[in-house]
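Hi everyone, thanks for making time. Let's have a look at this one together, so please bring it up on your screens.

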Amino acid sequence: MTEQVPFTDVYVDDDIVDRATEVLETQRYVKGPRVEALEAQFADTCDTDHAVGVSSGTAALYLAMKAAGIGEGDTVLVPGHTFFATVSPVVELGADPVFVDVDPETYTIDETDLAKKAAAHDDAAAVAPVHLYGQPAAMGPITTIADQYDLDVFEDSCQAHGATYRGDPVGGLGTAGCFSFYPSKNMTVAGDGGMLVTDDADLASTARELRNHGRDEDGNHVRLGLNHRMDEVSAAVGLEQLSHLADWNADRAAAADRYRERLADIEEVVLPTERDNATHVYHLFVVQVPEREALRTHLDEQGIDTGIHYDPPVHLTPAMGEYLAEVPSLPETERLCDRIVSLPMHPRITDDEIDRVADEVRRFYR
C-alpha cells in the first residue's frame, strides 16, 4: 500500500501536552496568565506595543475593524484572491467590500488597482491587504496609498506568522494586524484562536472590551460586545508553538527550495515567487498548472494530498451575491483561481516526500 504524503502536519510533543495538562489542573480556564504571556510574547514577535488574544483570526479581523469604527456607510478595499474571512467581517459590520485585483506573480493585492479603487470611492475607510500563503503584500506602496486617502490598514496576516517586509515583521505595519492559529497555520493553539496586534493603545483597549462582552477593566459593560476570548489551554499550547516558530519557518523555506529544485524543469508548472526585500514563510506552497483536476486526481491515486486555496474567488461565491450591486471584473484573480493547486507543505515534510510529489507531477505531464 502506498504511504500517504499528508498535506499538513500538526506538531504535538510532551511539552505541549504537559502545558495543557497544567492548565487543566489549575481549573482556571479563561482570563488567566497564559493568555497574557502569549500576548506579550507575540507582541514582541511582531514588534508592536499591544497584542490581544482572541478566539480566531476572523474574530481578530472583525474586532480590529469594529474597534476602529468601521461600519455602515464605509467601504473597505479587499483583494479579490483571499479566504472568505477577509471579507465576511466587513459585511458583518455593515460596510461594503470593494474588490481589488491581485498581482499575477505574488498573488497579493495589486497596488495599481488599489490606487484606482481608492480614488474612485470617496467612502473608502480602510484597506485589508492579505499576506497570502505567507507572502508579504507590498506594504510600502499600500501604506502610501492609505496615507493619501486617509485609510486604516488592517493586515490580514493569518497565513504569515513571522514573515517580514523590508526587515519589519508583518502585522505591525498598519493600523492593526490579525493572525489565525487554526491548526494548519505556521503555529497553532491546537484549535481555533487568533491574535490582534497594534501600536494603537485605544484600539487595543477597545478590542479587549469587545472580546469580553464589552466589559472594561472594572467589570462594567461600557459597550456592546460578545465573547471572542482566547482560553488558557489554547494560550498554553500557543506559547510552546511560538517557541518553535522561527525554526519551523526556516524548515518551510528549505522545503520550498527543494520543491523549486525538483519542479524547475516541468514547463507546465508555474512556481511561486518571492517578493524582493521580504521573507516568505510558506504557509502554503501554491503552483499554477493546466489540467488541475486531472493532476489532483492522479496525485490522490498516488497517496499525495493536495488543496485549492481558493476557488471560487470570494466575489463569485453564492454568499456574496446579495451584497454586491454589481459583480466586479477581476481578470487576474479569476485566472489564478482556475489554475492554482497547493502541494503538501509543513516543517516536517521530508526530502523524500517532496521528491515523490515532484516525480508524480512530472509523470503526469510527461
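Let's start inside a sheet: Val127 has Val153 in E5 as its bridge partner. Keep in mind that this is a predicted model. Val127 sits in strand E4, residues 124-127, and E4 runs parallel to strand E5, residues 152-156, with 2 bridges joining them. If you're new to this, strands of a sheet pair through backbone hydrogen bonds, either parallel or antiparallel.

E4 and E5 belong to an open sheet of 7 strands, in the order E1-E9-E8-E5-E4-E2-E3, and the pairing is mixed. At the edges you'll find E1 and strand E3 (96-100), each pairing on one side only. From one strand to the next, the twist averages 25°. Packing on this sheet is helix H5, residues 111-120, which touches strand E2 (75-79), E3 and E4. The direction of H5 makes about 145° with that of E3.

Next up, helix H2, residues 33-46.

Which residues of H2 are buried? They're Val35, Leu38, Glu39, Phe42, Ala43 and Cys46. These cover an arc of only 135° around the axis, so they lie on the same side of H2. Here's the background: an α-helix has 3.6 residues a turn, so residues three or four places apart point the same way. Over on the other side of H2, Glu36 and Asp44 are exposed.

And what do the buried residues of H2 pack against? Quite a list: strands E1 (50-54), E7, E8 (176-180) and E9 (194-198), plus helices H7 (201-210) and H8 (232-263).

E7 takes us to another sheet. This one is open, has 3 strands in the order E7-E6-E10, and its pairing is antiparallel. Its edge strands are E7 (168-169) and E10 (278-279), and each pairs on one side only. Strand E6, residues 164-165, is joined to E7 by 2 bridges, and Thr164 has Pro169 in E7 as its bridge partner.

Last stop: strand E11, residues 285-288, is antiparallel to strand E12, residues 340-343, with 4 bridges between them. Phe285 stands opposite Leu343 in E12. Are the faces of E11 covered or open? Both are covered, with Phe285 and Val287 buried on one side and Val286 and Gln288 buried on the other.

Technical notes:
Residues numbered from 1 in each chain as written. Predicted model: local features only at pLDDT ≥ 70, side-chain atom pairs only at ≥ 80, totals over all residues. Heavy atoms only, no water. Pairing = 2+ DSSP bridges. Buried < 20%, exposed > 50% of the residue type's maximum accessible area, 1.4 Å probe, protein only. Arc of directions from axis to C-beta. Contact = heavy atoms within 4.5 Å. Axes fitted to C-alpha atoms, helices over the stretch in contact; angles between N-to-C directions.
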